[in-house]
Amino acid sequence: MLKTKLDIINKMHLIISVLIVVPVAFIYGFKPELSFDMFLETVDERNFYKAIMGLYLGFSTLWILGVSKPQYLKTALITNMIFMLGLGFGRILSIVMDGTPTFGYAFGTVAELFLGCYGLWVLNRIKSHS
C-alpha cells in the first residue's frame, strides 16, 4: 500500500479523497439535511441524490484500487483529478452565478481544487519520471 515516501506522495490525496467522499456520499444518499441546507421532497430528488451517492462510491472504489494495486494507480489519479476539478470548477461557476454558498460548500470548493491540482501534479511527476 504505502511503502515508500514516493508512494505516500503519489497516493495520499487518493486516501484523503476517499475519507471525505465516502461519508459525503452516504449523507447525500440518506440524510442530506444533516450537513447541508437541502431538504428533499420528491422521489425524483431523492433518486437523484442516491445516484450521486452511487457515483461517489464507485469513484471511491476505483481510488482505493489505485492505492492498493499499482496497475490501477494512473487511472485512479486521472479520475480523481477530473472528479475534483470538475466539482471545484462547477462550484466556482455557481459562486459566480448564484452567490456564496454555506461554509461547507465554500470550503469544499477550495479542497476540491487543491486535490485536483495535487493529482495533476502527481501525474506530471510520474510522466516525467517514466
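1. Among contacts in the protein chain between residues at least 6 apart in sequence, 64% join residues at least 24 apart, a contact being heavy atoms within 4.5 Å. This is a predicted model, in which local features need pLDDT of at least 70 and side-chain atom pairs count only at pLDDT 80 or more, while totals for chains, interfaces and linings use all residues. Residues are numbered from 1 along each chain as its sequence is written, and side-chain values use heavy atoms, with hydrogens and water left out.

2. On the overall architecture, the protein chain has four helices and zero strands, and its pattern along the sequence reads α-α-α-α. Helices (H or I, at least four residues) and strands (E, at least two) are DSSP runs, numbered from the N terminus. Taken along the principal axes, the box filled by the C-alpha atoms of the protein chain is roughly 50 × 30 × 20 Å.

3. On burial and surface, 34% of the 130 residues in the protein chain are buried, where buried means under 20% relative accessible area, exposed means over 50%, and partly exposed lies in between (1.4 Å probe, protein chains only). The protein chain exposes about 8100 Å², of which carbon and sulfur atoms supply 70%; accessible areas come from the Shrake-Rupley method with a 1.4 Å probe, and for residues only the protein chains shown count as cover.

4. Turning to charged pairs, the whole structure holds three salt bridges, each defined as a side-chain nitrogen of Lys or Arg within 4 Å of a carboxyl oxygen of Asp or Glu. Side chains of opposite charge can pair when their charged atoms come close. One of the bridges joins the side chains of Lys11 and Asp7, at 3.9 Å from N to O; both residues lie in helix H1 (residues 5-30), four residues apart, which is about one turn of the helix. Lys11 is buried, because its relative accessible area is 7%.

5. Another salt bridge pairs Glu33 with Lys31, and here the closest N and O atoms are 3.6 Å apart. Glu33 counts as partly exposed because its relative accessibility is 34%, and Lys31 is also partly exposed, with a relative accessible area of 42%.

6. A salt bridge also forms between Arg91 and Glu112, whose closest N and O atoms are 2.7 Å apart. This pair links distant parts of the chain, since Arg91 is in helix H3 and Glu112 in helix H4 (residues 103-129), 21 residues apart. Helix H3 itself covers residues 73-98. Leaving aside residues up to four places away in sequence, Arg91 touches Tyr28, Tyr105, Gly108, Thr109 and Glu112.

7. On the aromatic residues, the count comes to eleven aromatic pairs; rings of Phe, Tyr and Trp (its six-membered ring) pair if their centres lie within 6.5 Å, with planes under 30 degrees apart counting as stacked, over 60 as edge-to-face and the rest as tilted. The Tyr28 and Tyr49 rings have centres 5.8 Å apart and planes at 75°, so this pair is edge-to-face. Because Tyr28 lies in helix H1 and Tyr49 in helix H2 (residues 43-68), the pair ties together parts that are 21 residues apart in sequence.

8. Tyr28 is buried, at a relative accessible area of 7%, and its ring also pairs with that of Tyr56, the centres being 5.6 Å apart and the planes at 50°, so that this pair is tilted. Since Tyr56 lies in helix H2 and Tyr28 in helix H1, the pair ties together parts that are 28 residues apart in sequence. Tyr56 counts as buried, with 7% relative accessibility. One aromatic cluster is formed by Tyr28, Phe48, Tyr49, Tyr56, Phe59, Trp63 and Phe83.

9. Finally, Phe89, Ile92, Leu93, Val96 and Met97 make a nonpolar surface patch of about 540 Å². Patches are made of residues with over 30% relative accessible area and no salt bridge, like charges being joined within 9 Å and nonpolar side chains (Val, Leu, Ile, Met, Phe, Trp, Tyr) within 5 Å. Met97 is found in helix H3 and counts as exposed because its relative accessibility is 62%.
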